Structures are given as structure tokens and as C-alpha cells.
Amino acid sequence: MGFMIGRLGQTLIVLLVAALVSFMLFRYVGDPVNNMVGQAASLADREAMRTQLGLNDPVAVQFARFVGDVLRGDLGMSYRFGQPISDLLLQRLPATLELSLLSILLAAGLGVPLGVWTALHPRSRSAKLLMLASLAGVALPTFLIGIVLILVFSVWLGWLPSFGRGEVVSFGAWTTGLLTASGLKALVLPSVTLGLFQMTLIMRLVRAEMQEVLRSDFIRFARARGLKRATVNYDHGLRNTLVPVITIVGLQFGNVFAFSVIVETVFQWPGLGLLVIQAIQFADVPLLAAYIVLVALCFAIINLIVDILYAVIDPRVGAAQLARGGAA
Amino acid sequence: MTTPLLQVENLRVEIATRHRDLVAIDDLSLSIGEGEVLGVVGESGAGKSITGNAILGLLEWPARKTGGRILLEGRRIDDLDEEEMRRLRGRQIGAVFQDPLASLDPLMTIGYQLVQTITTHLDIPRDEARERAARLLAEVGIPAPRERLDSYPHELSGGMRQRIVLALAFCCEPRVVIADEPTTALDVSVQAQVIDLLKRMCRERGTAVMLVTHDMGVIAEAADRVAVMYAGRVVETGPTMDVLRAPLHPYSRGLMASIPSMRRAARDRARADLPMIPGAMPRLDALPRGCAFHPRCPVAIARCARERPPFVPAGPSGGACWLVADGASGEVPAHA
Amino acid sequence: MSDETLEGADAPDHPPAWWRGDFVHGFVRSPVAIVSATIVAMLLLLAILAPFVAPYDVRDPAKANVVDARLPPSSTGMFGDQYSLGTDPQGRDMLSAMIYGLRTSLLVGLGAIGLAAACGIALGLASGYFGGTIDAVIMRAADVQSSFPAILIALLIDGITRTLMDRTTHEALAVPILIAAIAASFWVQYARVVRGLVLVERGREYVLAARVTGVRTVTILFRHILPNVLGPVLVIATINLALAILTEATLSFLGVGIPPTQPSLGSLVRIGNEFLFSGDWWISLMPGGLLVVLSLGVNLFGDWLRDALNPRLAS
């Protein structure tokens, strides 16, 4: 229980710090008043505006108000787009989420089996080839992979589109590209680009972890007891490998968030990543500030979920131990 | 003389390295009879564990067996394929390793691991296997065995874990058990209990046990016969009491002198420290010519540096030393 | 075979000269190490000698001939200029732009890693040596930051500085800001490793002796602890360098790194992106290719270095 409270406390601190940074940015950078009243207004008018906006209240009060606004979902107005930021974020969220989830599925779906295979057959030719190829995943920048894929599959072969989401279907606030042919085709290249780097990472991780596990004493003891090879490798070996791997894959989800910025730029994918690039380029301070809070929130939640997951899966850490009250 | 249950003849194990193959085990022979405990003792790196692994068929690249035979109840087992060897392990040959916490899968309950082992080798239904597991736990002295079946390894103490490891090793009634440093990772107070348990289990079942250790105290406690290993070879064997009281090989003599004992302490009151054998065992890639022990041997003669002494049996004992061979009656010239 | 005479007693007393030692021995035996080191060395040389090697000086945008824009490789321009690798939409010679871009990449990469290492080492030393609150604060910050990917941190820092200053100031300060932004995402590893080593060394007798005899803290840190730290730091730095270079390229590609007027491999790729469909592949692919070669070279060398230094670090 103490473990849980500690984690929650840490999460809250991270969120508060992010909110603080965001607030500083929002309040002290650029002049909100200027943007609202224009150049011609008199000093007296500006003063009136400032008091009306509550800008003359003590800082702590303003911060509290800011946090309150955020919690209510009011993130302010974007300079560039002239829309409430919360609307903008919700508009773009489905695109990024769909892309991220698909690429994680791809990365884990291929990465884990390949990693297991190379760990079980370390000296085979294909394993060595795969390890070499995985080096490419690490050394090639994501944006270049995207561009090469566009070149091959869009420009030269003409099979897949190179920008946009294709046709999307709306369900209330959510829009999905999974239900149309053009939507699906549009998803292929971006998710492969996003997933490739993750896949090589996962593959190398799984391989390293599994090799480590296969060297451990309980594997040796399992073999000494004459258990079947498949039982030893999968029941004992893979299960123990996956425990740390699952947590790292969960953290990878956060990484995907960052790389989606790149992929969305390459493919002009209308998601959150593209939004933040535009915010930076046009010095759209409220948008940038809101993005910081959003990112911090996402990472904090992801980390928390991963920690909980780890506690559930590993009996050494988990609630099972807490329930039983320790060693006998 | 009981017919040996396990026989190892002229075993040779080599390790491949980038430059050349190193010889880890050289012409090693030993045998264990039914219900007998053979202690295999020597410093770290002497090749004790590799011998155990070779018998179990668990030698892993870059180590491989390049010569000799291993027989179980008179049948060769070193030339079996992987599947046949797997069926032998656990069922005919059991094993106990050093670190009980590391030996048990941390993600699975004790019961799961026991039942899994039992059902792999014996064709009995799961609930019967579970019953059997509970009875085994009771036999090894675990309180509340049925409840314990659902515990995880990390919830138990070191001594209990090693008892469970023993239960796992014996659960399919093997004929031979290889115990590789079973007490090294345990508290001194627990060591005696585990050794007693091991002795009891093997006496009751008539199991042959190869007890590998570097602890002479354990040997004195538990072993019927002793084989002393040095640099990959057996340099002396014999009944434990004989080897302890009148060791044939200079290395064994050095080892015995290093056992703290009340009588010896009284006798050597003048000496301030425990006698140690100066020097260290040579690395595999730097084995001396002739007898591997001669650089550290206090009674080495010229021949020791030129030729390797063969193992010479002398009654129920035997040693690999020129001084033993020359003194054919088994008498060793006393040194000052 | 077992009768080979290698007298164990005759171990050498002094370690062999460094050029005959294990490290160099391993280096000349490993084709990967030699090739990657050569590549990196050559590219480094190219970058340093850029003003002398590049056929055209592309740092001054006014010198580019817009008339010669988007010419394919091996073309001759309107006024007789030779463009061996073609030109970009602004009429700049690709080869020169790439060489100068390489220079920028290496400058930013090495600068960022250097800064990150310096800060990380300093913070690690402080954290490990002084312990207590300082340690707790630094390590918390490290934990929080290490869960964020480098790209994101660098992006946000660059973005924030962009909103804090006007456009022209920001452009002039682009390189130092970029170096700082990238360094900010990499300091954690150094801090952690150094802190660990300091904790180990702190308890050693010679440190305790030095403290008792009144040697100043700073002296202890620099004279005794620092030399032990350099090995692992070097390994981390080499591996990080590739990532730092790629981060700079990515940020420039996104348009939030080096301003488009200054040559950079990333921004070249970005510029070329718009012309892929017109078939002008060289504007994107060539700088991209150079980037890949550089990053692969550094990566491979870093991997090899890590493996080579490992057993020695363990002792």
C-alpha cells in the first residue's frame, strides 16, 4: 500500500511541476492583453483589462486559478487557430492515438517473437542477419525511414498515399480511419515508420532479457529435472522474460508519443504532433503550454499504469505478497 | 563390494576458446554404489561442477565431452540423444544446485513446480501428483505442507527452499542424485539440517549421491567415500575416514590440514594461523608440465615436473602421485 | 596437448606497453572497429576542413545562384559552375551544403554531448559525494526526466526559448540553444553512472584518509575519483553521440532546429521532401545517406568500444 501511495505522490509532483512550467510560460511570455486589445488601446484601458482578467492578483492565486481551469478542461484559446485549445486537442487526438496504437501493436507483435527466436537460436545465420538489420533500425533516423518509404511506395510504385488520413468515419467525437479502404491505406506507411524503430528496440530487448534468463539457475534446474524443452523455454523462460519486457513496452508507448511528432510531420498526419510543431513555429504560447501539461499527464498516467501492471504480474512485488503478509 | 550404480570412466571434457581447446577434465574415473555418498572435493575451478554437468548431460558450448564413458546401472548414458537424456534427467538422475532461491522459478508456486516435474515423468493424474507433492513436502520437514504448495519461493526461508529443492530432486525417485554445493549458500545453522536430510533421503531410497563441495566439514559429516580433485583430475580417492586420517596425496594432506579441529588446535597451539597451501590452482590455459600440483607440492621430486603420475589404486583407495606409486605398499615417506 | 609447457609461475610482472595491450590488440583484430573508426575519422576530417574542401561556400545565402536551382547530379550550371551532386531549390551546391551540414551536425552533436557530460559529471559528483537533500533532488529530477524521450525534451526547450525571444535573436543563437536543448536530454546517464562510482569510491580508505588529513573536497573529487570515471563516461558518450546527431537532424527536419538559411543535413532533407513527387530525389536522399553513414559509423564504433572496455572496467 505504501508503494501505491508513494507512486501516486510522485505522479502528482510531476504534474504540478509541469503545470507550473506551463503556467509560467502562459502568464509571462507574450502579453495576453496585447493579443486581446490590439496596439491602439490606451494604458488605462490595458490596466482595466488586466484587472478584469485577474492578471493583477497575486501569483499564487493566479496559479490556483490556472490549475482549476485545467481541471475543468478549459485550456485557453489558441492564438493561431482562434479556437479553444481543448477543442483542438480533442479533434486531433483520435488521429494520433490510432496511429500510436497500431504502431505499438506492430512493433510488439513482430518484435517479441523475433526477439525470442534470436535468443533461442543465437548462432544461426538468420539470427545474425536479424541482429545486423536491427542495427539499421537504431542508426536510421525515423524521418528518413518515412521519406524512403514514401519514395518507394508512393512515388515509384504508387501503391500507398503519402499524406493525410484518407477518408475517416466519425463516431461522435471520435474519428477513425480504420473503416474505409483509403483510411487503412493511409495508415500503413506512417504506422510502419513509427513502428520500425520500436520493433528493433523491442526485439533487441527481448533477446537480451531472454538470453539472460536462459542462463539463470532455475532454468538449469528445470532442465536438470528433465522438463521438456518447450516447457523450459516458454513456460519458465519466456514468462520470466516478459515481466520486465512488458513494463518497458508500456514505457515505449510514451516514446511513440514523441516520435509521432516526426511521423506526423513527414506524412502530414493531422494529429497532436503536427499541432505542436505548428505551435512552436508560430509561437502559439497557450497551445504550447497546454501541450506541456498534456504530455506530462500522459507520461505520468502511462508510468503509473506500467508500475501497477508490474506489481500485478510479478508475485514478488505484487499484491499477493501484501495480502499474505510477507515471508513465513 | 556393491556393484556401482554410476560409473564414470576416463572422462575428458574440453572447452573451446578462441585460441585453442582447453582441457577441463582429464581422464577422470569414479564410481558410486547404491545408497553410497561419494564426496567430491577440491578448490574452486577444479572441475567438480563440470563433472556433475557432464553426468547430467548439461554441458553447454563451449564445453563438450570429448572422451570417456558414463554408465548408469551398467548402461551407457553418455551417447544418448537429447530427448532420451531428458527423460533420464529427473527420473533416473536428480540434481541439487547451490543457490536454492535461484533454483526455483520466482513466478510459480512451489506446488506448480513440483506437480509439473512429477507429471512430466510419471503418468499419474494431477490431483494424485499434488498429493504426492504434499507428502514429499512433509517428508522434507516443511510444516503445513498442503498450504505451502501455494506459496511462492520468495516467501520462504533459505533452509526451507533448499528442502524444497531436495524434494524436487527426489520427487521421481531417481537412482542417482548429483548435489552440487548444496549447503554453500546456506547459514551454518541450517547446513547441518540439510545435510542430515540428504543423508536420510538417500539411505531410505538407496540412492547414490555425488556430493560436490569445497567444504571439508561437510565431507566429514556426510560422505562414505571421498574423491579429491585437482585441476581436472582425481588425485585421490578412498573411504572418508582413511582419507581424512591418512591422506595419500600431498594435496589431500594439505586440504586435511586446513580443517579446523579441536584436537589439532590443541596440538598446534604454538601455531598462530591455519595452515594453507601456498600458491593457487593453475588456470586451464597455464597447466604445468608433469603433475599439475608439483609447483605447490612440498615433497615434489624431479620426476613430478617431467611426467604426469597415473592414478594408482591401493586397496579401496588410490592416488595419483609418484610417491604413492613408488611406495607400492601405500606407505608415504614422511616429510619433516 | 596437455603437456604443453606454459609455466603458470612465470606471469609477467609489468603490463605490456599500451600499443601491445589488449585494447589495441582487439582493435586491429576487429574489422568492424577499423572500418567504423576510419569512417568516423574521415568524416570528422571532412567537417573540420570544410572551408578548404567544399567547392562552394554555402554559408552565405546571397552567393547561391537561384537560376541553377534543382539541377540533378553531375550537371553544369548556367554560368559554368560544376555541381557534382546537384543543387537544391535555392541553387546551393549539394556537395558543399552536405559538407557544411556535416560540420554543423558534428559541431552540435559533439557540443551537446560534451555539455551533457560536463553537467552530468558535475551533478553526479555532487549527488554522490554530498548525498542527502542534494542527492535526493538531483536523482528525482533525473528519474522524471529520463522517462521522457530526448526528442520531446529538446523540442520543448527549443520551443520555449523560441517563444521567449524574438525571431532574429533566436536565429542568431540557434546553434547554442540547440546544443543546450539536446544536452538537457542526455545528462541523466552521466550523472547516474558517476554517482554510482562516487558512492563506491567514497567509502574507500584512501578517500577517508584524504579527508582526515584535511584535503579539500574538490581536490579529492578531481584527483582521485574523476580519473576512474572517465572510462565509462567515454563509452556512454560515444553511444550517445549518434543519438545526439540524429536528434539535431530530426529537429532541423521538423523546422525547429537549425534555421533554414544555415546548412544542415536535416533541413536539407526537409527541403527535399517537398520535391519528392517531382522526381528530384537527390535533394533528400543524399544528405540522408550521409547522415546514415555518419550515424552508423559512430554507432558501430560506440558498440565496439563498449564491448572492448567492458572486461577492463570490471577489473
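**Close-up 1. Surroundings of Pro316(B) in the predicted model.** In this predicted model, Pro316(B) touches Gly238(B) and Pro239(B), when residues up to four places away in sequence are left out of the count. Pro316(B) lies in the loop that runs between S11 and strand S12 (317-319) of chain B. With 11 other C-beta atoms within 10 Å, Pro316(B) is exposed, because the limit for that class is 12 or fewer. Asp196(B) is 120 residues away from Pro316(B) along the chain, and the C-alpha atoms of these two residues are separated by 26 Å.

**Close-up 2. The eight-stranded open sheet of chain B.** The strands of this open sheet follow the order S6-S7-S8-S3-S9-S10-S12-S11 (chain B), and their pairing is mixed. Strand S6 (93-96) and strand S11 (312-314) of chain B stand at the edges and have a single partner strand each, so that one side of each is left without a neighbour in the sheet. From one strand to the next, the twist averages 20 degrees. Within the sheet, strand S3 (residues 37-41) and strand S8 (residues 208-213) of chain B pair in the parallel sense over five bridges, and Gly39(B) stands opposite Leu211(B) in S8(B).

Close-up 3. S6(B) and S7(B) pair in the parallel sense over four bridges, and the bridge partner of Ala95(B) in S7(B) is Ile178(B). Ile93(B) and Ala95(B) point one way from S6(B), whereas Gly94(B) and Val96(B) point the other way, and all of these residues are buried.

**Close-up 4. The four-stranded open sheet of chain B.** Four strands in the order S2-S1-S4-S5 (chain B) form this open sheet, in which the pairing is antiparallel. Strand S2 (21-33) and strand S5 (75-76) of chain B are the edge strands, each of which pairs on one side only. Strand S4 (residues 63-72) of chain B is joined to S5(B) by two bridges, the two strands running antiparallel, and Leu71(B) stands opposite Arg76(B) in S5(B).

**Close-up 5. The contact between chain A and chain B.** Here 19 residues of chain A are in contact with 27 residues of chain B. On the side of chain A that touches chain B, helix H9 (217-224) and helix H10 (229-267) of chain A each supply at least two residues, and H9(A) gives the most, with six residues. By class, this side of chain A has seven nonpolar, four polar and eight charged residues.

**Close-up 6. The contact between chain C and chain A.** In this view, 33 residues of chain C are in contact with 32 residues of chain A. Two or more residues of the side of chain C that touches chain A come from each of helix H6 (150-164), helix H10 (217-254), helix H11 (265-273) and helix H12 (282-314) of chain C, and H6(C) provides the largest share, nine residues. The residues on this side of chain C divide into 22 nonpolar, ten polar and one charged.

Notes:
Residues numbered from 1 in each chain as written. Chains lettered and ligands numbered in written order. Predicted model: local features only at pLDDT ≥ 70, side-chain atom pairs only at ≥ 80, totals over all residues. Contact = placed C-beta atoms within 7 Å. Nonpolar A, V, L, I, M, F, W, Y, C, P; charged D, E, K, R; others polar. Pairing = 2+ DSSP bridges. Axes fitted to C-alpha atoms, helices over the stretch in contact; angles between N-to-C directions. Buried ≥ 20, exposed ≤ 12 C-beta atoms within 10 Å, placed from the backbone.
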